[in-house]
Amino acid sequence: MLSSEETTYAIEVMGEMFPNATTSLTKTDPYHFMLSVILSAQTTDKAVNLVTPALFERYKDPVDLANASQAEVESYIKTIGLYRNKARFLIKCSQELVERFDGVVPKTRKELMSLSGVGRKTADVVLAECFGIPAFAVDTHVSRVAKRLGMVPADSDVLTIEKILMQKVPQDLWIKGHHRMIFWGRYQCMARNPKCSSCPLLDICPEGRSRV
Ligand code: SF4
């Protein structure tokens, strides 16, 4: 297992390769950004960015969407996966936001996770991106990279990965670390063909050494 120092070192090296790693979702106000994150589950950020301009133009605030029809919302997002469930989540989440939070996106993980369609990862991303509150959101790339590098045990679940990374990495690197590990997973340590032979982390990576 990588130590705290080695884990932090790995994230610094990722930052040298991807100094501009950041969210690929179009940044908007917290409400619309939260909806974008909900929409991004099991689809690409690019696909989400294609549907959100028209969707957000039609539904400018939580009251608009709270009163929307399921069929009409679906018509705006039907090019992305799971659009029926997601349309339901967007409407329900907006209704709950209006009823319980005066239409304002809350700033705590617990409150965010009380909203329909908002799981821990979505809450962490919203906290980090909208409010700058340190969080280490774990998606499929972060999970794979953390396991391959031995930052976490191979059988760790998402919550365990998040907790270990938050223990090992200084808090001021949590948000950057999340973005860097996503870029690392997309462009260096891809699921199928990781570029191990040219990887600057090969020396400390058990998975890489077993592949090269
Ligand atoms: Fe990923 Fe290979 Fe680099 Fe390890 S050596 S981090 S498995 S690309």
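**Helix packing and the ligand site**

In this predicted model, helix 2, formed by residues 30-39, packs with helix 6, formed by residues 83-101, at an angle of about 150°, and their axes are 10 Å apart. Angles over 145 degrees count as roughly antiparallel. Helix 2 and helix 6 are therefore roughly antiparallel to each other. The crossing in which helix 2 passes helix 6 is right-handed.

Helix 6 also packs with helix 5, which spans residues 70-77; here the angle is about 120° and the axes lie 9 Å apart. Roughly perpendicular pairs have angles of 65 to 115 degrees. Helix 5 and helix 6 are therefore oblique to each other. Helix 5, too, passes helix 6 in a right-handed crossing. In general, a pair of packed helices is described by two quantities, the angle between the axes and the distance between them.

The next topic is the ligand. Where does the ligand lie? The space that it takes is the largest cavity. Around the ligand are R148, L149, W184, Q188, C189, P194, K195, C196, C199, C205, E207 and G208. Sorted by class, this shell comprises seven nonpolar residues, two polar residues and three charged residues. The cysteines around the ligand include C189 and C196, while R148, K195 and E207 count as charged.

Definitions and conventions
Residues are numbered from 1 along each chain as its sequence is written. This is a predicted model: local features need pLDDT of at least 70, side-chain atom pairs count only at pLDDT 80 or more; totals for chains, interfaces and linings use all residues. Side-chain values use heavy atoms; hydrogens and water are left out. A residue is near a molecule or strand if one of its heavy atoms lies within 4 Å of it. On a 1 Å grid over the protein atoms alone, a cavity is a set of points where a 1.4 Å probe fits but cannot get out, and a pocket is an open set with protein on both sides within 12 Å along at least five of seven lines; lining residues have an atom within 4 Å of a point. A molecule sits in a cavity or pocket if more than half of its atoms lie within 2 Å of its grid points. Axes are lines fitted to C-alpha atoms, for helices over the stretch in contact, and angles run from 0 to 180 degrees between N-to-C directions. Helices (H or I, at least four residues) and strands (E, at least two) are DSSP runs, numbered from the N terminus. Angles under 35 degrees count as roughly parallel, over 145 as roughly antiparallel, 65 to 115 as roughly perpendicular and the rest as oblique. A crossing is left-handed if the near helix is turned anticlockwise from the far one by less than a right angle, and right-handed if clockwise.
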